[in-house]
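Please take a look at the sequence and the structure that follow. The paragraphs after them lead through a few places, one after another.

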Amino acid sequence: MRYPLKMTANLAKYIAGKRLRGTQKFPMVMMLEPLHACNLTCTGCGRIREYKATINEMLTVEECLAAADDSGAPVVSICGGEPMIYPEIGRLSSEILARGRHIILCTNGMFIRKRLHEFRPTSSFFWNVHLDGMERTHDLCVERDGVFREAIEGIKAAKAAGFLVCSNTTIYKETDLDEIAELYDYLDTLGVDGYMLSPAYGYAAVATKDIFMSRQDVRDKFRKALTLLDKYNLMVSPIYLDFLRGERELDCTAWGTPTFNPKGWKGPCYLITDGHYSSYQELIDKTPWEKYGPGNDPRCADCMMHVGFEPSPVLGAKRQLGDTWKMLKWQFSGRMGGNPKNSAHADRNDFGNGGGTPMPPPQDLVSSDGSLRVL
């Protein structure tokens with residue numbers, strides 16, 4: 001499986017229900033930003049710069065839950081900022097799961113071990129750890145030494161406890177794809193369940209513009225990327241990958257991944273802010289969607305980000321004959337849990353309460369007093 005069966009089945013049921021009711025615009029993944037504060041200043045991130053004036057503001061758990069209910073999206077991606085510094089991240093996650101939603105918690109990984117006790121493994125919850133390369137490269141990207149090692153310790157601890165874990169990688173103009181393959185090889189040995197990747201986008205709030213790519217740059221880069229990375233459990237739809245390689249066109253469906261943060265519903269999308277709205281429906285009704293997207297707004301010219309385009313074929317934009325079969329084949333051809341040939345625990349066949357591979361902590365991760373240690 002590419003994703004847990006329960007998540008796949010719930011998404012399929014949700015989409016079918018929306019189509020039967022004739023709903024034209026609806027969310028698949030809600031991007032929930034309970035705060036914008038972060039302990040890092042990553043070179044390619046625009047959030048801490050865009051919301052500098054309100055960096056100390058945060059949502060209450062009740063406001064987050066009300067927004068999740070408002071959107072009705074079956075998947076909630078908790079992001080930010082760094083959500084693991086949100087004081088009530090454990091309770092927030094528990095309450096969202098209790099509503100029958102699925103969570104992808106996006107984190108730099110530095111606080112997983114410290115706060116792991118606030119969470120419980122379930123097939124509806126993924127840790128999503130951002131890694132942009134091996135140790136030296138990643139630490140340069142996040143502008144702090146030691147981040148890669150602490151993130152790896154977090155991944156090991158989460159897998160030891162039976163959690164599902166995936167990684168998320170941003171591909172920049174100078175990204176060494178052979179290094180990303182090396183990263184995936186290493187993460188496979190840790191039992192990581194899947195890999196998300198997406199091209200970088202030129203945030204207006206980011207001063208370093210030469211790290212970003214044009215659409216042609218993206219296509220060239222991802223043609224090479226797929227030859228190197230396709231053997232791993234990529235959690236990126238094959239249709240979106242065809243788009244990234246220039247093999248088909250997709251329309252932007254930003255309403256499929258709406259963002260909610262302390263300012264409200266962010267419009268029109270995760271990357272561009274022309275306004276904030278008090279409800280998801282207001283975002284839908286008041287956003288002039290026809291004015292956005294490549295060819296309409298110059299800010300969208302080179303954008304090929306997953307938040308705008310990956311939901312598009314599922315939401316019915318430019319669907320082609322055979323897309324459904326292609327998606328089903330992709331889902332059932334996946335392999336969660338890393339590469340058993342490289343894993344020290346390849347003989348284990350149990351998946352615990354959460355669908356993750358519950359591996360005991362490796363000896364190099366345990367101190368003499370039995371506690372997990374930093375590398």
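**Strands and their neighbours**

S77 has I104 in β3 as its bridge partner. This is a predicted model, in which local features need pLDDT of at least 70 and side-chain atom pairs count only at pLDDT 80 or more, while totals for chains, interfaces and linings use all residues. Residues are numbered from 1 along each chain as its sequence is written, and side-chain values use heavy atoms, with hydrogens and water left out.

Strand β2 (residues 75-78) is covered on both faces, with V75 and S77 buried on one side and V76 and I78 buried on the other, where buried means under 20% relative accessible area, exposed over 50% and partly exposed in between (1.4 Å probe, protein chains only). β2 and strand β3 (residues 102-107) run parallel and are joined by four bridges; two strands pair if DSSP finds at least two bridges between them. Strand β1 (residues 29-32) also runs parallel to β2, again with four bridges, and L32 stands opposite I78.

Turning to the backbone, G80 and G81 are joined by a cis peptide bond with an omega of about 20 degrees, and G81 is found in the loop between β2 and α4 (89-98). Another cis peptide bond, with omega about 10 degrees, joins G267 and P268, and P268 has its place in strand β8 (residues 264-268). E143, although not a glycine, has a positive phi of about 65 degrees; E143 lies in the loop between α6 (135-142) and α7 (147-160) and counts as partly exposed, at 43% relative accessibility.

How values were computed
Helix = DSSP H or I, 4+ residues; strand = E, 2+ residues; numbered from the N terminus.
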